[in-house]
Amino acid sequence: MTNFTFTQNDYQRFADENDVTLSAVGPMSRDAFLDLLVETVNNEDVPFPIPREKRQPYIDAYVAGELFCIGEFSDETVDLKEFAHSQDYDQYTFEEHLSWACLVAQQQKTKHEFACREYLQGEALFEIGSAMIPNYWLLNARIFQQTGWQLATVKEIIPAELFFTCHSRRFFPVTTFMRPLGVDYLEEPDIGHDVAGHVATFTIPAVANVMQNHGRARDLIYDRRDRELNGVTDPAQIEAIKLRADQLLAYAGRIYWFTVEFGLVMQDGEVRDFGAGILSSPGETKYSIQNDESNRILIDPREDADLLRLANTDYMISEFQKTYFVSESFDRLDTITPQRILDASERAMSLPDFTWREIVPGDRVLNVGSIATSVNEKYFRLMAGQTMDECLKRTAIGNLKMYADGFDRELLKQFRTAPPELPDQALQWYRDVNSADDKTS
Ligand SMILES: [Fe+2]
């Protein structure tokens, strides 16, 4: 990996390119910060005032030099185990603060053009757009006061089970790492994604509810898993029960992906961004709404068939999305309950998947992307040995396996309109390939 060494001139260039005032970059003094923290913590003119008895201990902990690990304003907590971490704020370098300042300045330009109203209001409340990395002691207090959510500091990306446990208790896991100066896109989450992308979304009640409901859906899935495991001693059966629970969580994760991370919403007759995955990337913020390449599909989250459409759509994280789902309104998004997430995930497990490039019969299409493929194209490409992205390939193979293993086609009626029948020759091809493999192995 190349190590870049930046000079003062480079700093000035980055600042100029992003309309950042270099002299404003960096943390405020500890005394000024303490004054602000005391004033904030004691603010009662907020939706969720901090309990009086929790205020002074919180301030005392900061004064004593403790590092922020997890919020303690509610009666809930969560055991982060080996993923627990803390934010050592004084360790951030000037370059890291400048990286933050440049990223949020870039984000602000596109957010103000394409983000929904509520998201922009949330950013203003948390002062996300300032030229210093947010100090979690202050940010956690502000988030709690507006939403009842709190921060939990983690080392790295955490397992889905723990991630959603945090959600069910209104904790949002955040990393402390800031991407290097000049780096636009990272697959791993950093503060630029976790804080500059997600945090403002908590102020949209429907989005906060969907996030918590995903956590509660996880609770339903694992409570049932634990009941099913009760008294079972056969290792194979134990493994199967655990696997099914993990698979269900993965299907539920798609609903989360296409709403909380990459969701769009209709507002005043226009498509607007609210997904944190989109809004943490200035490029994707614009792309998701204006590009002709990807599909944009209108959904009504009150409809079970639309939730199923999300749960049955595969995606990749390595590039801009190829299909975006646009919720008709936040009110409708608010109907995604834990039970509905669980029901959609269970049905999705027994049905064929769609790829992230497909337009499906029954879709209400706002834009047919230039990358759109037909539902059967993935099978023909596979048979012809043509290159295709990983999402098409794994979906084609996964679906063929499902059909070859004996698939109840009546289940297809679960979709709003059943997708086209699998081409017979594709199934025959799959069987031939697999029987040839069997003979050679
Ligand atoms: Fe995220």
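User: In this predicted model, how many bridges join E1 to E2?
Analyst: The model is a prediction. In it, strands E1 and E2 run parallel. Ala152 stands opposite Pro173 in E2. The number of bridges that join E1 to E2 is 4.

User: Through which helix does the chain cross from E1 to E2?
Analyst: The two strands are parallel, and the path between them is a β-α-β crossover. This crossover is right-handed. The helix through which the chain passes is H7.

User: Which residues of strand E1 point the other way from Gln150 and Ala152?
Analyst: In a regular strand, side chains alternate between the two faces of the sheet. Strand E1 covers residues 150-153, and Gln150 and Ala152 point one way from it. Both of these residues are buried, as are those that point the other way. The latter are Leu151 and Thr153.

User: Where is Asp19, and is it buried or exposed?
Analyst: Asp19 is not a glycine, yet it has a positive phi of about 55°. Its place is in the loop between helix H1 (8-17) and helix H2 (30-41).

User: Which residue in the hairpin of E3 and E4 takes a positive phi?
Analyst: Strand E3 (residues 264-267) and strand E4 (residues 270-273) pair in the antiparallel sense over 4 bridges. Met266 stands opposite Val271 in E4. The hairpin has 2 residues between the strands, and the residue with a positive phi, near 50°, is Asp268.

User: Which residue in E6 is the bridge partner of Val265?
Analyst: Besides its antiparallel pairing with E4, E3 pairs with strand E6 (residues 323-327) in the parallel sense. The pairing of E3 and E6 runs over 2 bridges. In E6, the partner of Val265 is Ser327.

User: What distance separates the centres of domain 1 and domain 2?
Analyst: The domain assignment of the chain gives domain 1 as 8-203 and domain 2 as 209-431. Their contact takes 26 residues from domain 1 and 25 residues from domain 2. Taken over C-alpha atoms, the separation of the two centres is 31 Å.

User: Which helix supplies the largest share of the side of domain 1 that touches domain 2?
Analyst: Helices H4 (94-114), H5 (117-126), H7 (160-168) and H8 (191-198) each supply at least two residues of this side. By class, the side has 9 nonpolar, 11 polar and 6 charged residues. The largest share, 7 residues, comes from H7.

User: Why is H8 largely enclosed by the rest of the structure, and against which elements do its buried residues pack?
Analyst: H8 is largely enclosed because 8 of its 8 residues are buried. Among them are Ile191, His193, Asp194 and Val195. The elements against which the buried residues of H8 pack are H4, strand E2 (171-174) and helix H11 (276-279).

User: With which residues is Leu138 in contact, leaving aside its neighbours within four places in sequence?
Analyst: Leu138 lies in helix H6 (residues 136-147), and it counts as partly exposed because it has 19 C-beta neighbours inside 10 Å. The C-alpha atoms of Leu138 and Leu36 are separated by 8.1 Å, although the two residues are 102 residues apart along the chain. With sequence neighbours left aside, the contacts of Leu138 are Leu36, Leu37 and Thr40.

User: What radius of gyration does the chain have?
Analyst: The chain contains 18 helices and 7 strands, and its C-alpha trace spans about 75 × 55 × 50 Å along the principal axes. Of its 441 residues, 41% count as buried. A compact globule with 441 residues would have a radius of gyration near 22 Å, which agrees with the value for the chain, 24 Å.

Note on methods
Residues are numbered from 1 along each chain as its sequence is written. This is a predicted model: local features need pLDDT of at least 70, side-chain atom pairs count only at pLDDT 80 or more; totals for chains, interfaces and linings use all residues. Domain bounds come from an automatic or database domain assignment. Two residues are in contact if their C-beta atoms, placed from the backbone, lie within 7 Å. Ala, Val, Leu, Ile, Met, Phe, Trp, Tyr, Cys and Pro count as nonpolar, Asp, Glu, Lys and Arg as charged, and the others, Gly among them, as polar. A residue is buried if 20 or more other C-beta atoms lie within 10 Å of its own, exposed if 12 or fewer, and partly exposed in between; C-beta atoms are placed from the backbone. The radius of gyration is taken over C-alpha atoms; the globule rule is 2.2 Å times the number of residues to the power 0.38. Two strands pair if DSSP finds at least two bridges between them. A crossover is right-handed if, with the strands pointing away from the viewer, the path from the first strand over the helix to the second runs clockwise.
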